[in-house]
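Me: I have a structure to go through with you. Can we take it piece by piece?

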Amino acid sequence: MKRIIALLSAVTVVALVFASCAKKPPEQLPSVTEAPTEPITAVTNVSGEGIFPVTDENGDAVRNGESVAVYVTDANGNPVADKTEWHSLENAFAIGKKIEMPSFRITVPEGWSDARSSVQVNIGNAETLDMVSVSVVTDMTLGEKRDEIASQLSALEKKHSSAVVKTETVVIGGEEAEFSSGLIKTEGAAVWLGYITFSHADEIYDCRLSADRDLSQEEINKMVDILRSIEFVR
């Protein structure tokens, strides 16, 4: 197992760059005439930045493009009724069952939780240790990203005769996506890796799925369904 982990560290670690250009928040604010439901707790991102988000009747953050509506706070840091402002997103905020990112939001299903999402979304399963990650890539084209993944999987096949690699097509957020995966079994252990790539609104999405065991098709489908919950905001 240690040899597998070492190999995977060598061939799958990729620098993920997320360069976000700040946009001027829209002028129109949501109409809020009552104080937020008490008690309300600020949500904090991995950088320690906290906000009091305005949510709708479904508990979703009120958004306008890359901004979320938040309550203005008083001198004591408490949210003020009837005073809201737009907060531009640069990194991830986990609000309720959604993780809000600049250009999309994604639902965290039952049994899963935010795993310190920041410049990329990380959703983990505490019981199985399975992981789903989503990044928006700015330094590569879709073709270059797919070539990189193909090279990584090819390296796994060369290193391990037990490796099973396959590629198929899935639909994520209405976009056709390439789904490549690799399974390695050795010394009674197994590692499964999935790579889903697609483009939307001229942005390249790089999604990674991982598990330290051989997955059933049903388990794989459930992980892909997390990605299918993506809602684009632009």
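Me: Which exposed residues sit on the face of helix 2 turned away from its buried side?

Reply: Asp 147 and Lys 158 are the exposed residues carried by that face. Exposed means over 50% relative accessible area, buried under 20%, and partly exposed in between (1.4 Å probe, protein chains only). Helices here are DSSP runs of H or I with at least four residues, strands are E runs of at least two, and both are numbered from the N terminus.

Me: And which residues in helix 2 are buried?

Reply: Leu 142, Lys 145, Ile 149, Gln 152, Leu 153 and Leu 156. They line one face of the helix, because seen down the axis of helix 2 they fall within an arc of 95°. The arc is taken over the directions from the helix axis to the C-beta atoms.

Me: What length does helix 2 have?

Reply: Helix 2 covers residues 142-159, which is 18 residues, and reaches 26 Å from its first C-alpha to its last. That is close to the 26 Å expected at 1.5 Å a residue, where the expected span is 1.5 Å times one less than the number of residues.

Me: Before going on, what kind of model is this?

Reply: A predicted one: local features need pLDDT of at least 70, side-chain atom pairs count only at pLDDT 80 or more, and totals for chains, interfaces and linings use all residues. Residues are numbered from 1 along each chain as its sequence is written, and side-chain values use heavy atoms, with hydrogens and water left out.

Me: Fine. How many helices and strands are there?

Reply: The protein has 3 helices and 16 strands. Of its 234 residues, 44% count as buried.

Me: Which residues have the most contacts inside the largest nonpolar core?

Reply: Phe 104, Ile 106, Val 134, Ile 172, Ile 196, Leu 209 and Leu 227, in a core of 32 residues. A nonpolar core is a set of buried Ala, Val, Leu, Ile, Met, Phe, Trp, Tyr and Cys residues joined through side-chain atoms within 4.5 Å. Helix 3 gives the largest share of this core, 5 residues.

Me: What does Val 134 touch?

Reply: Leaving out residues up to four places away in sequence, Val 134 touches Phe 104, Ile 106, Gln 120, Val 121, Tyr 205, Asp 206, Cys 207, Leu 227 and Ile 230. Contact means heavy atoms within 4.5 Å.

Me: Now the rings. How many aromatic pairs are there?

Reply: There are 5. One of them is Phe 198 with Tyr 205, stacked at 4.9 Å centre to centre and 5° between the planes. Rings of Phe, Tyr and Trp (its six-membered ring) pair if their centres lie within 6.5 Å; planes under 30 degrees apart are stacked, over 60 edge-to-face, the rest tilted.

Me: Is Phe 198 buried or exposed?

Reply: Phe 198 counts as buried because its relative accessibility is 0%. Tyr 205 is buried too. Phe 198 also forms an edge-to-face pair with Phe 232, at 6.3 Å centre to centre and 70° between the planes. That pair joins distant parts of the chain, strand 14 (residues 189-200) and strand 16 (residues 231-232), 34 residues apart.

Me: Which residues do the ring pairs link into a cluster?

Reply: Phe 104, Phe 198, Tyr 205 and Phe 232.

Me: Last topic: where does Ala 201 lie?

Reply: In the loop between strand 14 and strand 15. Ala 201 has a positive phi of about 50° although it is not a glycine. Asp 202 lies in the loop between strand 14 and strand 15, with a positive phi of about 65°.

Me: Why does Asp 202 count as exposed?

Reply: Because its relative accessibility is 82%. Ala 201, at 45%, is partly exposed.
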